[in-house]
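Here are some notes to go with your first look at this structure. Keep the view open while you read, and take the points in order.

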Amino acid sequence: MSHPWLCPVPCSAWTAPPSPTVAGSICPLPPTDLPSGLSRVGKTSLIMSLVSEEFPEEVPPRAEEITIPADVTPERVPTHIVDYSGNGCAIHMAYAILWHCLSCKQYKTCYILASSNDISLLPLILVGNKSDLVEYSSMETILPIMNQYTEIETCVECSAKNLKNISELFYYAQKAVLHPTGPLYCPEEKEMKPACIKALTRIFRISDQDNDGTLSDAELNFFQRICFNTPLAPQALEDVKNVVRKNLSDGVADNGLTLKGFLFLHTLFIQRGRHETTWTVLRRFGYDDDLELTPEYLFPPLKIPPDCTTELNHHAYLFLQSIFDKHDLDRDCALSPEELKDLFKVFPYMPWGPDVNNTVCTNERGWITYQGFLSQWTLTTYLDVQRCLEYLGYLGYSILTEQESQASALTVTRDKKIDLQKKQTQRNVFRCNVVGMKGCGKNGVLQALLGRNLMRQRQIRAEHKSYYAINTVYVYGQEKYLLLHDVSDSEFLCDDETICDVVCLVYDVNNPKSFEYCARIFKQHFMDSRTPCLMVAAKSDLHEVRQEYSISPADFCKKHKMPPPQAFTCNTLEAPSKDIFVKLTTMAMYPHMTQADLKSSSFWLRASFGATVFAVLGFAMYKALLKQR
């Protein structure tokens with residue numbers, strides 16, 4: 001079976017093989033084809049011969065504007081044709097291609113046209129008309145001009161009288177607009193331009209799903225199917241690789257196509273006039289005519305109503321797991337700096353800074369673990385969904401999962417008011433704002449969520465400090481994400497700092513002035529709200545002093561129907577206790593629970609027991625899956 005990688009371009013314009021439907025945004029804008037040149041070279045005759053399929057005996061001074069409907073063109077786009085009469089204003093209107101016509105008998109016309117200032121920056125077809133009047137080809141005269149002016153896509157000899165190459169002219173005109181050579185290839189250097197190489201390299205890396213540096217037969221078949229919607233016959237696949245082997249010593253390795261071989265094939269397509277093959281691939285992977293990823297590809301529409309949040313769905317987590325596995329070459333369940341850099345080679349910039357390592361779980365060497373990797377993606381989705389869509393676009397989510405867009409990776413949660421009415425939630429990510437005066441131990445609480453004791457926290461550099469921390473917490477056997485945010489320690493909180501699912505009020509038991517700040521913030525922002533709050537007595541390993549407030553922390557909590565203050569310290573030999581995180585997550589999941597429920601020891605025992613059991617089971621299951629890989 002023929003396929004886009006091998007079949008030659010047919011000469012007939014309107015019987016060209018079906019190509020993938022071209023997006024409306026790149027359709028030629030009227031006027032599209034603008035035959036222009038000196039008078040009496042046959043411009044008008046060309047148009048009339050195309051329309052009537054016969055040579056007109058009487059030719060008017062100028063043909064009427066016509067539109068070729070999309071359904072009769074191979075590229076499925078309408079083509080608007082204007083007979084340019086010498087009025088310079090017409091050329092500077094919104095057109096997509098410029099034609100210059102010349103008579104094969106008028107060689108000097110070539111040089112007059114070549115000096116025209118109107119041809120710059122436009123794809124150009126140079127047409128030699130009236131070929132029926134000469135018995136020889138004028139191509140030798142035209143070729144030097146083609147080599148000198150890169151705007152000229154191709155040149156064609158034709159005859160309006162004999163209907164020779166008439167339909168072909170307009171086919172090549174469409175092709176020059178939809179599949180221009182200029183952005184892809186430098187004819188002087190006889191090689192692809194850097195921007196094209198960069199784009200194709202990214203496409204290769206995305207398509208190399210096992211990250212072994214080559215495209216296997218299975219990967220090539222998948223690539224062929226998603227780009228051209230055509231199956232690749234085994235013999236055709238071997239033919240492609242044989243072409244590469246004959247021309248490039250390192251184009252095929254271990255029976256797979258290397259990056260050099262992949263780039264060589266596309267160079268070959270362009271040199272043989274098969275630009276549409278390369279453009280089809282580029283556009284399938286989200287690129288525009290300037291070889292930039294389009295906003296439509298990176299930022300698909302996603303409607304998020306008020307009081308709703310965004311989360312990754314099951315399919316997105318499976319995709320991200322495959323991305324992690326692809327780059328975790330040593331199978332140590334963590335990404336080294338080199339592995340992480342390799343993962344982000346398909347990005348135009350490094351998206352994660354050193355603060356990420358203090359936002360999610362890492363191993364003892366400070367490398368982001370599997371759980372930490374998924375947690376960071378969860379955080380990005382929750383806090384900045386547009387950036388998440390952009391990142392998934394760089395990774396090729398919609399292409400590899402064969403979805404319409406990366407918006408299919410996300411779930412928009414229902415309104416929080418509905419959760420309160422139904423007394424249950426479908427959310428999996430809960431935001432907890434951590435409030436307290438400076439130096440009370442808020443950062444210690446954040447780092448404790450990641451399993452870091454005080455000794456490990458002291459190794460964090462000040463410039464790498466993170467004001468967020470996210471990790472999984474198990475409540476009643478359900479895995480949920482708890483997102484902690486260290487808000488400002490100013491006298492008043494802004495509106496954004498009060499929007500959350502639960503509040504963690506932290507005071508230092510060793511500082512007599514610490515609790516007063518928590519009490520004041522609670523009264524100002526949360527006393528009359530439905531947001532549950534938990535008071536945390538931090539640095540409980542130190543001597544507890546009397547707080548300079550009218551009532552004790554315990555009495556304050558009792559008065560305002562809050563759970564009693566929770567003693568907490570991260571000055572431990574092992575990882576700090578996660579009890580307060582289970583309680584915070586539970587309160588966020590069940591904000592309607594009464595004070596009696598929250599004070600019940602059996603309630604917290606059930607929640608904590610589920611957390612312990614499922615944390616152990618979850619880690620064991622992942623290790624088992626890793627061994628299977």
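1. Let's start with the whole chain. Of its 629 residues, 52% count as buried. Bear in mind that this is a predicted model. The accessible surface comes to about 29,800 Å², and carbon and sulfur atoms account for 54% of that surface.

2. The secondary structure of the chain amounts to 24 helices and 21 strands. If you take the contacts between residues at least 6 apart in sequence, 72% of them join residues at least 24 apart.

3. Now go to strand 5, which covers residues 124–129. How many of its 6 residues are buried? The count is 6 of 6, so to speak a mostly covered strand by the cut-off of under 20% relative accessible area. In a regular strand the side chains alternate between the two faces of the sheet. Here both faces are covered: Leu124, Leu126 and Gly128 are buried on one side, and Ile125, Val127 and Asn129 are buried on the other.

4. Stay there and look at the neighbour. Strand 5 runs parallel to strand 6 (residues 152–157), and 5 bridges join the two.

5. What does helix 5 meet in helix 1 (residues 43–52)? The axes of the two come within 9 Å and cross at roughly 100 degrees. An angle of 65 to 115 degrees counts as roughly perpendicular, and helix 1 and helix 5 are therefore roughly perpendicular to each other. On the helix 1 side the contact uses Leu46, Ser49 and Leu50; on the helix 5 side it uses Ile166, Ser167, Leu169 and Phe170.

6. Helix 8 brings Val240, Val243, Val244 and Asn247 to the contact, while helix 9 brings Gly261, Phe264, Leu265 and Leu268.

7. There is also an open sheet of 3 strands, in the order 9-11-10 with antiparallel pairing. Strand 9 (214–215) and strand 10 (252–253) are the edge strands, each pairing on one side only. Strand 10 pairs with strand 11 (residues 256–258) over 2 bridges, and Val252 stands opposite Leu257 in strand 11.

8. Last, a loop residue. Where does Ala575 lie? Look in the loop between strand 21 (566–567) and helix 22 (579–589). Ala575 is partly exposed, with a relative accessible area of 46%. Ala575 and Arg452 are 123 residues apart in sequence, yet 5.6 Å apart in space, C-alpha to C-alpha.

Methods. Residues are numbered from 1 along each chain as its sequence is written. This is a predicted model: local features need pLDDT of at least 70, side-chain atom pairs count only at pLDDT 80 or more; totals for chains, interfaces and linings use all residues. Side-chain values use heavy atoms; hydrogens and water are left out. Two strands pair if DSSP finds at least two bridges between them. Helices (H or I, at least four residues) and strands (E, at least two) are DSSP runs, numbered from the N terminus. Buried means under 20% relative accessible area, exposed over 50%, partly exposed in between (1.4 Å probe, protein chains only). Contact means heavy atoms within 4.5 Å. Accessible areas come from the Shrake-Rupley method with a 1.4 Å probe; for residues, only the protein chains shown count as cover. Axes are lines fitted to C-alpha atoms, for helices over the stretch in contact, and angles run from 0 to 180 degrees between N-to-C directions. Angles under 35 degrees count as roughly parallel, over 145 as roughly antiparallel, 65 to 115 as roughly perpendicular and the rest as oblique.
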